[in-house]
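Student: Could you take me through one part of this protein closely, and show me how that part sits within the whole chain?

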Amino acid sequence: MDMNESTKHAIFELGVRIFSQHEQSMARIKDQILLEAEDSKMNINNLNLTDIHVIACIGSYEPINVTSIVEKIGVSKASISKIGVKLHKMKLIRRTQLNDNKKEVYFLLTAEGHRLHKLHERIHNDIEASIVRFLSAYTPEQLLFVKGLLQDALDYTTMLNPAVK
């Protein structure tokens, strides 16, 4: 195996390790959200991180419809619709229609949903600040390369999973 192929395999292995650590990190974040939500008497044990990100999206852009949520977080319409039903049953969101458009359903957060959104936002901001500090070690040119690489990787995975669009 030549050096180029060896390097590609090493990158793959590092990617697998990063994804594995990311999964563990996401589980810890979910546990943290659940623990803090428990303190405020919110019952959100049945939520996964995608559900929480839908709540965050609704909280940031409310009122928002299914199509707009799909565009913002890259989850299929079917998934968003299913999550919407789940969150509505849990009384974390409510549905409404705008006066000028009675066909389209829009989502808004309830008081419980707003509490969860604020909790997620705080944790998300802490993570973002940590990553920004980590990236400060790199030059602008290196950062542009990494940004391009990550965009290409996202485009590639989106191509492999077209249902997300």
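Tutor: Happy to! Let's begin with the contacts of the protein chain: counting those between residues at least 6 apart in sequence, 53% join residues at least 24 apart. Please keep in mind that this is a predicted model. The secondary structure of the chain comes to six helices and three strands, and from the N terminus on these elements run α-α-β-α-α-β-β-α-α.

Now for the close look, at helix 3. This helix spans residues 66-73, and its buried residues are Val-66, Ile-69 and Val-70. Here "buried" means under 20% relative accessible area. Seen down the axis of helix 3, these buried residues fall within an arc of 100°, so they line one face of the helix. The general rule behind such a pattern is that an α-helix has 3.6 residues a turn, so residues three or four places apart point the same way.

Finally, the C-alpha atoms fill a box of roughly 60 × 40 × 30 Å, taken along the principal axes.

Notes. Residues are numbered from 1 along each chain as its sequence is written. This is a predicted model: local features need pLDDT of at least 70, side-chain atom pairs count only at pLDDT 80 or more; totals for chains, interfaces and linings use all residues. Side-chain values use heavy atoms; hydrogens and water are left out. Buried means under 20% relative accessible area, exposed over 50%, partly exposed in between (1.4 Å probe, protein chains only). Helices (H or I, at least four residues) and strands (E, at least two) are DSSP runs, numbered from the N terminus. The arc is that of the directions from the helix axis to the C-beta atoms. Contact means heavy atoms within 4.5 Å.
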